[in-house]
Structure formats: C-alpha cells, structure tokens
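Please open the model in your viewer and keep the sequence beside it, so that each selection can be followed in both places.

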Amino acid sequence: MSPREQEILRRTQLSETRVTKAVFPPTTNHHNTLFGGTALAWMDEVSFIAATRFCRLPLVTVSTDRIDFKHPIPAGSIVELIGRVVKVGNTSLKVEVEVYVESMSVDGREKAIQGLFSFVAIDDEKRPVPVLPGFTEREAALA
Ligand SMILES: CC(C)(COP(=O)(O)OP(=O)(O)OC[C@H]1O[C@@H](n2cnc3c(N)ncnc32)[C@H](O)[C@@H]1OP(=O)(O)O)[C@@H](O)C(=O)NCCC(=O)NCCS
C-alpha cells in the first residue's frame, strides 16, 4: 500500500460520521413520513462533516449523485445517518451517506435512503486545492 493509500485509509476511518435523530412532527409531510427535503438536508450535513473531518479544509458541494429513497420513514421512528468517504480525487472527495430507520418499540433497522455527495476543497480565492497536500496523486505517481 502506498503512503497516499495508507493516509486515505487512516483518514477514511477517522472521518466516518454518524448522526441519530428522532422523526418528530416538524420534519414530516402530509403522508406522516419524513419529508424528503429534510432527509436531503440531513444527508448533506452529515456528508459535509465527514468530508471536512477527512481533509480539514474549506469545502463546497459540487454535485450529488443518485439518491435512492427505498423505504418511507414513518413519523415517530429513529433514523441513523452514516457518512463515509468512498473516493478521493486530487481536489475532490465523494461521500456516501446511508440512512437507516428503526422503530422506537422494536429492535432492528433497515436501510431507507442512500446517496452520494461530492465536495471540492477550495482556497481563499475559491479555487480547487488538493484534499491531501503532501499526498497528491501526482506525488504518488512519482513515488
Ligand atoms: C467546485 C468548484 C470550485 C469547482 O471548480 P471547477 O473549475 O469546476 O474545478 P475543476 O474543473 O478543476 O474540478 C475540480 C475537481 O472537481 C471535480 N468536479 C468538477 N465538477 C464535478 C461534478 N459535477 N461532480 C463531481 N466532481 C466534479 C473534478 O473532477 C475535479 O476533481 P479532482 O481534482 O479530484 O480530479 C466550482 O464548480 C464551484 O465553485 N461550484 C459552486 C460550489 C457551490 O457553490 N456549492 C454550493 C454551496 S457549498
């Protein structure tokens, strides 16, 4: 494993982000399930925290890939969001977010939503900068 790959593994483990929330009335829709826009906002925040923990640099969201809403999330349930860095480029990162739903009264949980968020590290002039300075893809190729 190259030094860059080792650093990516180390930072990926350090940056995994988990947030647990209760689905109470202000977050639900007229179907009495979690409002999709609220779920997206929670996912964006969790992915942003994971990406920031990974590189500790200013980041902007550059895109979201496919988001799958597999199961409705009923009001009165518990959700856990898990954000993990799954791809590291030169100036960009991809974070996968999984959202699990569990009942308040029964053990067990199932995956309800999954999505991918991409971020770019930027400098003071808002230009892209390497997410792993000292371990860039170019340096790895020369090593
Ligand atoms: C993010 C931004 C700085 C990138 O600038 P740019 O000139 O497109 O940058 P580049 O073409 O050099 O690409 C930089 C990196 O982003 C990646 N990228 C660019 N567009 C992308 C997209 N739509 N999806 C995923 N990655 C993308 C490139 O692949 C590259 O990655 P790499 O360095 O790891 O190989 C610019 O698009 C921007 O400011 N966007 C607005 C961001 C914003 O306001 N977000 C909402 C609020 S946070």
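What span should the 20 residues of helix α2 have at 1.5 Å a residue, and how far apart are its end C-alpha atoms? Bear in mind that this is a predicted model, and begin by selecting residues 36–55, which form helix α2. The expected span is 1.5 Å times one less than the number of residues, so the helix should span 28 Å, and this agrees with its end C-alpha atoms, which are 29 Å apart.

Next, within α2, select A39, M43, V46, S47, A50, A51, F54 and C55, which are the buried residues of this helix. If you look down the axis of α2, these buried residues fall within an arc of 150°, so they line one face of the helix. Now select G37 and A41, which are exposed on the other side of α2.

Finally, select the ligand together with the 13 residues around it, among which S63, G89, N90, T91 and S92 come nearest. Strands β2 and β5 each supply at least two residues of this shell, and the largest share, 4 residues, comes from β2. If you colour the shell by class, you will find 5 nonpolar, 7 polar and 1 charged residues around the ligand.

Definitions and conventions
Residues are numbered from 1 along each chain as its sequence is written. This is a predicted model: local features need pLDDT of at least 70, side-chain atom pairs count only at pLDDT 80 or more; totals for chains, interfaces and linings use all residues. A residue is buried if 20 or more other C-beta atoms lie within 10 Å of its own, exposed if 12 or fewer, and partly exposed in between; C-beta atoms are placed from the backbone. The arc is that of the directions from the helix axis to the C-beta atoms. A residue is near a molecule or strand if its C-beta atom, placed from the backbone, lies within 6 Å of it. Ala, Val, Leu, Ile, Met, Phe, Trp, Tyr, Cys and Pro count as nonpolar, Asp, Glu, Lys and Arg as charged, and the others, Gly among them, as polar.
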